[in-house]
Amino acid sequence: MHTVYIFLTGPMVWVSLLILVFGLIGKFIYLTSMAKKRDPWIFNYFQFKYAIKSILIWLVPFATMNMRRNPVMTVVTFVFHICLIIVPIFALAHVIMWEEAWGISWWTLPETVAVTMSFLVLGGILFFIIRRMKLPEARYVTRVQDYFILLIVALPFLTGLLAYYQIFNYQLMIILHVAAGHIMLIAIPFTWLSHLLLFPMLRGYVGSEFQGVRNVKDW
Amino acid sequence: MSEAATAAKIEDPGLDQGVEKLTRDQIQSTILKVVNQENSARLRAMVGTCVSCGLCSEACHYFMSYDRNPYYAPVGKVKETLWEMMSRNGMVSKEFIRRAATTAYTECNLCKRCVHFCPFGIDTAYLMTVVRRICHLLGVTPQYLQDTCHSHSATFNQMWVKDDEWIDSLQWQEEEARDEFPGLRIPLDKEGSDIMYSVIAPEPKFRAQLIYQAAAIFQVAGSDWTMPATPGWDNSDMAMFSGDAEMMGRLKKKHYEAARRLRVKKIVMGECGHAYRSVYDMGNRWLGFKDMPIPIIHAIQFYCELLRAGKIKVASRITELCTFHDPCNTVRGMGLHEMGREVARAFCPNMVEMHPNREHNYCCCAGGGVINCGPPHKMTRVLGNRIKAEQLKATGAKIIVAPCHNCHGGLEDIVHHYKLNMKIKFLGDIIYEHMQKPGAVE
Amino acid sequence: MPKKLAYLMGAIAITVFFLAPALYSQTDMTHVIEDAYPSKERPPSVFPHDEHTYEIAEEFDLDGMSDCYFCHHYDGPDQDHMDMSVGIPCSDCHPVDPVDPDVTALTMAYHELCKGCHIQEKAGPIACGECHVR
């Protein structure tokens, strides 16, 4: 247990972060160089101000027409994504581990807030799963891997909460928690979780294309 | 269940006979060529990023009209076509190609409304264009649409109009118009004019009145204009919609070259949406132009400029309640919605908006080459746009202003089928009828 | 009589031998009691003091009270181990939020001391909830 835990919280962190960062950088380079070769006009039309505008507007709740048409989905999506990103970065235990490893530290979430936010993430995933099962247009296009990816995202939070409350075998749970976190980080570049990178890339392109060339807003 | 849900399989010799000849190897190599060589990062990013949330569904008029059948959601159509093709590495059956062609050619108008719905901006219209490209290279295209493409290849116009017939038609309209405006000319091949006016081939073929009206507007505005006497006069582009990118490029080149030969300052296009798309979006890029190689403006812009400059003046106004339909290519293509309204409002003070409108307007369900797939597929699109009929009905308007030929075709069928009792007018119709006509004989 | 005396002496010796560690032990200490924290995010860490003192005495075979220095260090790593911080609250030197960046903060001091040794010795708890048991 000792060795596994030390490996997962030590060298494996490097492995996961390197795969995540270089996976995303590699994806970025692969896509841009491919576009440069075959669709070079994308770069001719690209305009930073329109790209930024498009990205920002789609990051503001209810700023776009389709967000207003689907208020429940909008609220759940925003809450889910905010919690999903904030909790791992600002959870007390995580920050302490960074401090122990590298001596760097930053602001942390109060434990009760982090716990609440983790429940919100799980609630969001539950909502997405139910939505995919119940809403015909979502069910029709949902593939097995879509549920699988939702599971990959859910597991670190589920095991994190179980470890926090020390339900079941704590030692096993904490190892599962760390492992699930690694799986999620590694899955990002290779699944549609990469929309972390592709959202700004695609919006940048679409924003430039619509606002710049087509003279019309893209939201 | 609405009548839409009961649509049967449609026979189309272009599709049915097209797939007969196919072999598995041919299908696979063609798909791989288009997916891996012709297309690039954009395709991969869009297909790979889709989280299949289904939020694009309500963007599509087919989805809304066919009782929210998920098959017709933008993402549903991508699932039925590209997802399968790409995940199976091109190993798909003839029947699959037949179904994919039906989907891409007759159940998507490439109107790009769904781009406004997708949080990532995934362009399903582009993805359907890729499917059409595959189908074109496989020789599986709807017969009527392919016929217009053959016409493009043989004559550089869409309607098999012979060179002498073209000139004949113009002179016929000139003669007609001279009864009203004695000094009017339709100047043919006048080098060094300010404006080259280009139209789509259906105008000389069966809507010649539109050329008369345009000539009258040019006459009243005192424009220095001309029309080319040689191929290149037709700005339409069905090859763009069939997936024949090479022919699309040749057509646009011919069009730009006609303008260069006549040394005009700009091209003014008739009220056509798809032709506009082909010059500002697809054809120019295929030929390697960032923008249009010569300034080209749509009739909406031209009329708006004339009105603003006071070159045409309002003589009378339409009192009936009017509504304005935004064609996808002029709105989501060039943001001409306010200009279009400005022109329409000048003559129709009694305007009501349809909802949604502007860049979120529902498609006419005729564009994107869908109406050009001909009679076999007519009901697919008429039943596939019940939502438009409901949208129009809710306005209570008597007149629909629609500055696009395809929209006219589509809306006419809808108005007729759903018994809406509305008239559909081009901006040109309204201007011609209600402008001051100095020098005209009563 | 001398036999009786011998028994008595032996008994005393045995008693002293077994009681001696009690002089510097904390028999009733099971958790780290720390009042320096304004609010507690986690339950106090489990810490059976005497298990550690026996462990260290056996493992390192240090002499008497200098065993204590292993944890109760004072004024840096003083090799003579003459001064010890026995009886002085950790937070006196390691404030929760130190002003001086060179001073180890209280939490880190505990974590480095406990977890550091556990990792080195490949024994004892190292994950959060193993010490901060609910």
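Buried area is the accessible area (1.4 Å probe) that two parts lose on being put together, summed over both. By that definition, chain A and chain B of this predicted model bury about 4200 Å² between them, with carbon and sulfur atoms giving 57%. Local features need pLDDT of at least 70 and side-chain atom pairs count only at pLDDT 80 or more, whereas totals for chains, interfaces and linings use all residues. Residues are numbered from 1 along each chain as its sequence is written, chains are lettered from A in the order in which they are written, and side-chain values use heavy atoms, with hydrogens and water left out.

**Chain pairs**
- Two pairs of chains touch, a contact being heavy atoms within 4.5 Å, and the pair of chains A and B has the most contacts.
- Chains B and C do not touch, and their nearest C-alpha atoms are 35 Å apart.

**Interface of chains A and B**
- Chain A contributes 43 residues to the contact and chain B contributes 52 residues.
- E137(A), Y140(A) and R214(A) supply 17% of the area that chain A buries against chain B, more than any other three residues.
- There are six salt bridges across this interface, each defined as a side-chain nitrogen of Lys or Arg within 4 Å of a carboxyl oxygen of Asp or Glu.
- K217(A) and E359(B) form a salt bridge in which the closest N and O atoms are 3.3 Å apart.

**Domains of chain B**
- An automatic or database domain assignment divides chain B into domain 1 (3–141), domain 2 (146–306) and domain 3 (315–434).
- The C-alpha centres of domain 2 of chain B and domain 3 of chain B are 22 Å apart.
- Their contact takes 26 residues from domain 2 of chain B and 25 residues from domain 3 of chain B.

**Interface of domains 2 and 3 of chain B**
- About 2300 Å² is buried between domain 2 of chain B and domain 3 of chain B, 65% of it on carbon and sulfur atoms.
- On the domain 2 side, R207(B), E271(B) and I300(B) lose the most area to domain 3 of chain B, together 28% of what that side buries.
- One salt bridge is found across this interface.
- The side chains of R207(B) and E412(B) meet in a salt bridge, at 3.6 Å from N to O.
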